[in-house]
Amino acid sequence: MSLEKAYILLGILVFLLGLLGVMIRKNLITILVSTEIMLNGVNLVLVAVDSYLGRVDGQIFALFVLTVAAAEVAVGLGLIVSLFRLKGYEGSSEIVHLRD
Amino acid sequence: MEWVIFSFLSLWLLVSVVGAIFVRNPVHSILFFLSSVLAIAGLFLSLGAELIAGLQLIIYAVAIVVFYVLVITTIPWEKVKRFEGIYKRELIFGLPAVSIIFGLIAYLIIRGNLAEPVGTVGDNVREVGRTLFTSYLFPFEVASVILLVAMIGAILLGRKEE
């Protein structure tokens, strides 16, 4: 197995571990941390394939993923803080009503 | 030599990620996430992407992790203590599902062939900058709009209701 395939497998494993974290964590903030881990796995695969192919397009897409991650963490943490302040929710199993 | 660096960094990364999703305390989880970000920056450096490695350190390891820690300090600790750890039943169903998906994707990747390399990159930062400001100029401008919208949304969500 070549080194590029090992990098791609590592990125996919990091992505799937982040997905598992989204499924099993109780706290809303750690669920957001798991989504950041998923984005990191995608970035790793993009840069690895890019370095193998000898282009720079994948690194530019990784740059955009970084931008979206920064925007997502700002909006997501704002949502969690306002949800906690309005309802007192902190765990993912507490949010069971669409509107109440 | 490349395999040695890859093995060390990937072992570090996997230990950090598994710690980040399985440790009980949210603050410890964020510290494990910081460790995994550092490992990924090392992997980027070993892949020859210096610009993305530096941005990863600046954006993730400084901005985002500090933001998480600041938000955790605004939430009372007793409330956080009630919801730490993981759901056991979801782990029982989720772990086999994720393992099966990883097995299928790994079979595809190991048996498949990668595309042929099309060229070599000399100076990485120079090439990234040139491509970013010629071919990808419009998505770059759209990214600035996304950041502006996220900033306005965060301000609107975070203000106190009168």
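Two residues are taken to be in contact if their C-beta atoms, placed from the backbone, lie within 7 Å. The structure is a predicted model, in which local features need pLDDT of at least 70 and side-chain atom pairs count only at pLDDT 80 or more, while totals for chains, interfaces and linings use all residues. Residues are numbered from 1 along each chain as its sequence is written, and chains are lettered from A and ligands numbered from 1 in the order in which they are written.

By this contact criterion, 54% of the contacts in chain B between residues at least 6 apart in sequence join residues at least 24 apart. For chain A, 51% of the contacts between residues at least 6 apart in sequence join residues at least 24 apart.

We can turn next to the chains themselves. Chain A comes to three helices and zero strands, where helices (H or I, at least four residues) and strands (E, at least two) are DSSP runs, numbered from the N terminus. Its pattern along the sequence is α-α-α. The C-alpha trace of chain A spans about 55 × 25 × 15 Å along its principal axes. The radius of gyration of chain A is 17 Å, whereas a compact globule of 100 residues would have one near 13 Å; this radius is taken over C-alpha atoms, and the globule rule is 2.2 Å times the number of residues to the power 0.38. Of the 100 residues in chain A, 52% are buried. A residue is buried if 20 or more other C-beta atoms lie within 10 Å of its own, exposed if 12 or fewer, and partly exposed in between, with C-beta atoms placed from the backbone.

Chain B has seven helices and zero strands, and its elements run α-α-α-α-α-α-α from the N terminus on. With a radius of gyration of 20 Å, well over the 15 Å that the globule rule gives for 162 residues, chain B is more spread out than a compact globule. Its C-alpha atoms fill a box of roughly 55 × 40 × 25 Å along the principal axes, and buried residues make up 19% of the 162 residues. The domain assignment of chain B gives domain 1 (2–85 + 117–158) and domain 2 (87–116), with bounds that come from an automatic or database domain assignment. The C-alpha centres of these two domains of chain B lie 23 Å apart. Within helix H1 (residues 2–22) of chain B sits B:Gly19, which counts as partly exposed with 16 C-beta neighbours inside 10 Å. The C-alpha atoms of B:Gly19 and B:Leu45, 26 residues apart along the chain, are separated by 23 Å.

The two chains meet through 59 residues from chain A and 74 residues from chain B. On the side of chain A that touches chain B, helix H1 (3–24), H2 and helix H3 (57–87) each supply at least two residues, and H3(A) gives the most, with 20 residues. This side of chain A divides into 39 nonpolar, twelve polar and eight charged residues. Here Ala, Val, Leu, Ile, Met, Phe, Trp, Tyr, Cys and Pro count as nonpolar, Asp, Glu, Lys and Arg as charged, and the others, Gly among them, as polar.

Two helix pairs illustrate the contact between the chains. H3(A) and helix H7 (residues 137–158) of chain B pack at an angle of about 10°, with their axes 9 Å apart. Axes are lines fitted to C-alpha atoms, for helices over the stretch in contact, and angles run from 0 to 180 degrees between N-to-C directions. H3(A) is therefore roughly parallel to H7(B); angles under 35 degrees count as roughly parallel, over 145 as roughly antiparallel, 65 to 115 as roughly perpendicular and the rest as oblique. Among the residues of H3(A) in this contact are A:Phe64, A:Val68 and A:Leu79, and those of H7(B) include B:Ile146, B:Met151 and B:Leu157. By class, the contact of H3(A) with H7(B) has 16 nonpolar, five polar and no charged residues.

In the other pair, the axes of helix H2 (residues 28–53) of chain A and helix H2 (residues 26–47) of chain B come within 11 Å and cross at roughly 5°, which makes H2(A) roughly parallel to H2(B). The residues of this contact divide into 14 nonpolar, five polar and one charged.

A:Asn27, in the loop between H1 and H2 of chain A, is buried, with 26 other C-beta atoms within 10 Å. Not counting residues up to four places away in sequence, A:Asn27 touches A:Glu90, A:Gly91, B:Pro26, B:Val80, B:Phe83 and B:Glu84.
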